[in-house]
Structures are given as C-alpha cells and as structure tokens.
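Here is a structure to look at, followed by questions about the words used to describe it. Each answer sets a value against a definition.

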Amino acid sequence: MVTGNIHSVETCGTVDGPGIRYIVFTQGCMLRCQYCHNADTWSIGTGKNVTVDEILNDLESYRPFFEASGGGITVSGGEPLFQIPFVTELFKACKKKGIHTTIDSSGGCFSERPEFLAQLDELLEYTDLILVDLKHIDREKHKRLTGKYNDHILKFAQYLSDKNIPVWIRHVLVPDVTDFDEDLEKLGEFIGTLKNVQKVEVLPYHKLGVYKWETLGLKYPLENTEPPSDERVENAYKLLTQHLNLSVPAK
C-alpha cells in the first residue's frame with residue numbers, strides 16, 4: 001500500500017487553484033525560500049503518514065462545496081514531487097470520482113533522469129492543472145533566495161510546456177528581492193516561450209509565516225521587508241504577461 005507523509009490538510013481553500021479546494025500539504029522540500037510561510041514542511045521523512053483511502057474518506061464530506069464551485073483537490077507542500085507514487089495513486093482515485101486535480105510545485109526536485117521522468121509522466125496523466133512557482137529568473141539571485149540554482153526549475157516549466165500540461169504561473173513579489181523590472185521582464189520573456197500558460201498570478205509578499213520561523217528557532221531573513229505596493233504588483237503583472245494573450249487580470 002502506497003502511503004504519503006503530509007503536514008496538514010486545508011478543507012476549503014480558495015487560493016490554490018480554481019474554485020474551493022481540498023488542499024493536502026505534503027511534508028518535505030529541498031528549497032529554503034527566504035519568505036517561506038510553510039517552513040515547518042521542510043524536513044523530509046517526517047509528518048503524518050497517511051493512505052490514499054484516509055484522504056479520500058476525509059475529502060468526501062467536503063465534495064459538495066468544491067464541486068459546486070468548480071474546485072477539486074490540490075496537493076501542495078513542501079514539494080509534492082518528492083512523493084510522486086503517493087500523489088499518483090491519490091489522483092488516480094480522484095479521477096475515478098470525477099474530481100479535478102491540481103499540483104502546486106516549485107519544480108525544485110525535477111530531474112531528467114529516466115526513472116524520474118517515467119514516474120512524472122504517469123502522474124501527469126491524472127493531473128488537470130499545475131501551479132508552477134517561478135521564484136526568480138536570475139540564476140544567482142535564485143540561489144540567494146532559495147538556496148538552489150534554478151536551471152532544473154526552468155527545465156521543469158519547459159517540460160510541462162512540451163507535454164502541453166495546463167499551468168498557472170505564480171511569482172511571489174518581494175521588494176528588493178524579486179521586484180526589479182529587468183528581472184521581471186526576463187521572466188516575462190521566459191513565460192512567453194511556454195505554450196501552456198492559462199494564468200499568471202503575482203503573489204504579494206507577506207509576513208504571515210514569520211511566527212513559524214520563530215517557533216522553529218530560525219532567524220527570519222526578511223524581517224525588515226514590507227509588502228509591495230498595489231502599483232508594483234500591477235507593474236509586475238504587466239511585465240510577466242507582456243508576451244502572453246491572457247484575459248485574466250492580476251489579483
């Protein structure tokens with residue numbers, strides 16, 4: 001029996017995909033984003049061990065809410081692709097019930113190894129949408145922000161484009177970190193090369209996860225950073241979507 005390690009569940013989420021969604025937060029992530037509001041999901045191999053049936057049984061009572069809104073299930077994290085066999089079995093079961101499936105991923109563990117791609121391709125057969133978190137286009141700035149270079153993450157986005165898997169691109173706008181016109185223009189150029197983008201979301205930086213860092217005994221690196229203005233959010237959306245034909249406004 002395939003099981004997964006999860007951190008928590010949100011039963012009626014409204015920001016991680018279309019409609020009202022049942023969100024499973026998986027445990028384990030290789031990135032260390034300076035603004036992460038789920039730092040307690042970083043450690044690998046911990047969390048609550050669950051079966052697909054346990055998730056489905058809990059999900060069932062919330063189906064009327066998300067089905068009426070055009071929602072479904074989203075697997076977030078942490079990094080869901082750390083646990084592809086579990087997510088695949090979960091999505092297989094969900095598709096049998098006609099439930100819309102979404103993954104929220106940074107692509108942080110994407111690999112071009114044949115065995116990884118084989119597992120990923122199977123998962124994609126049961127995935128309706130992927131929320132792709134593109135954190136920074138500049139390689140060195142990406143490493144300073146997340147602890148890792150972005151080469152494989154950009155390859156992940158391109159791979160999904162080649163497979164024509166629908167994606168929403170997400171970008172967290174952080175003053176003095178990701179909010180520079182030159183970087184936003186370059187990221188917009190990259191997004192414009194992708195053939196599968198349905199929506200772009202600019203997520204304004206916030207401090208809602210600071211208390212988790214403090215609880216974990218970690219020093220929060222952006223403690224003096226304030227959220228961006230509405231004007232900068234609108235500017236970022238324009239630059240990120242300038243090579244796309246989208247009708248959905250920034251949020």
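This is a predicted model: local features need pLDDT of at least 70, side-chain atom pairs count only at pLDDT 80 or more; totals for chains, interfaces and linings use all residues.

Residues are numbered from 1 along each chain as its sequence is written, and side-chain values use heavy atoms, with hydrogens and water left out.

Q: What makes a space a pocket, and how much space lies in the largest pocket?
A: On a 1 Å grid over the protein atoms alone, a pocket is an open set of points with protein on both sides within 12 Å along at least five of seven lines, whereas a cavity is a set where a 1.4 Å probe fits but cannot get out. The largest pocket holds about 1,000 Å³. A volume is the space filled by probe spheres set on the points, which are joined across faces, edges and corners.

Q: What makes a residue part of the lining of the largest pocket, and how many line it?
A: A lining residue has an atom within 4 Å of a point. The largest pocket has 42 of them, and Asp 16, His 37, Asp 104, Arg 170 and Leu 203 lie nearest its centre. Strands β1 (3-13), β5 (100-105), β7 (167-173) and β8 (197-204) each supply at least two lining residues, and β8 gives the most, with 5. Strands (E, at least two residues) and helices (H or I, at least four) are DSSP runs, numbered from the N terminus.

Q: How are the residues lining the largest pocket divided by class?
A: There are 16 nonpolar, 14 polar and 12 charged residues. Ala, Val, Leu, Ile, Met, Phe, Trp, Tyr, Cys and Pro count as nonpolar, Asp, Glu, Lys and Arg as charged, and the others, Gly among them, as polar.

Q: Which residues line the largest cavity?
A: They are His 136, Ile 137, His 171, Thr 178, Asp 183, Leu 184 and Leu 187. The volume of this cavity is about 30 Å³. Helix α7 (residues 181-193) gives the most to its lining, with 3 residues. By class, the lining has 3 nonpolar, 3 polar and 1 charged.

Q: Why is a set of residues called a nonpolar core?
A: The name applies because its members are buried Ala, Val, Leu, Ile, Met, Phe, Trp, Tyr and Cys residues joined through side-chain atoms within 4.5 Å. The largest such core here has 72 residues, of which Ile 73, Leu 90 and Leu 134 touch the most other members. Helix α3 (residues 84-96) gives the most to this core, with 7 residues. Leaving aside neighbours within four places in sequence, Leu 90 is in contact (heavy atoms within 4.5 Å) with Val 52, Ile 55, Leu 56, Ile 73 and Val 75.

Q: Why is Tyr 159 called buried?
A: Buried means under 20% relative accessible area, exposed over 50%, and partly exposed in between (1.4 Å probe, protein chains only). Tyr 159 has 17%, so Tyr 159 is buried. Tyr 159 lies in helix α6 and touches Phe 110, Leu 117, Leu 120, Asp 121 and Leu 124, not counting residues up to four places away in sequence.

Q: How do you know whether Asn 164 is buried or exposed?
A: Its relative accessibility is 53%, so Asn 164 counts as exposed. Asn 164 is in the loop between α6 and β7.

Q: What is to be noted about phi in Asn 164?
A: Phi is near 60 degrees, a positive value in a residue other than glycine. Most residues other than glycine have a negative phi, and most peptide bonds are trans.

Q: Where is Asp 176 found?
A: Asp 176 is in the loop between β7 and α7. Its relative accessible area is 68%, so Asp 176 is exposed. Asp 176 has a positive phi of about 65 degrees although it is not a glycine.

Q: Which peptide bond is cis, with omega near 5 degrees?
A: The bond from Gly 77 to Gly 78 is cis. Gly 78 is in the loop between β4 (72-76) and α3.
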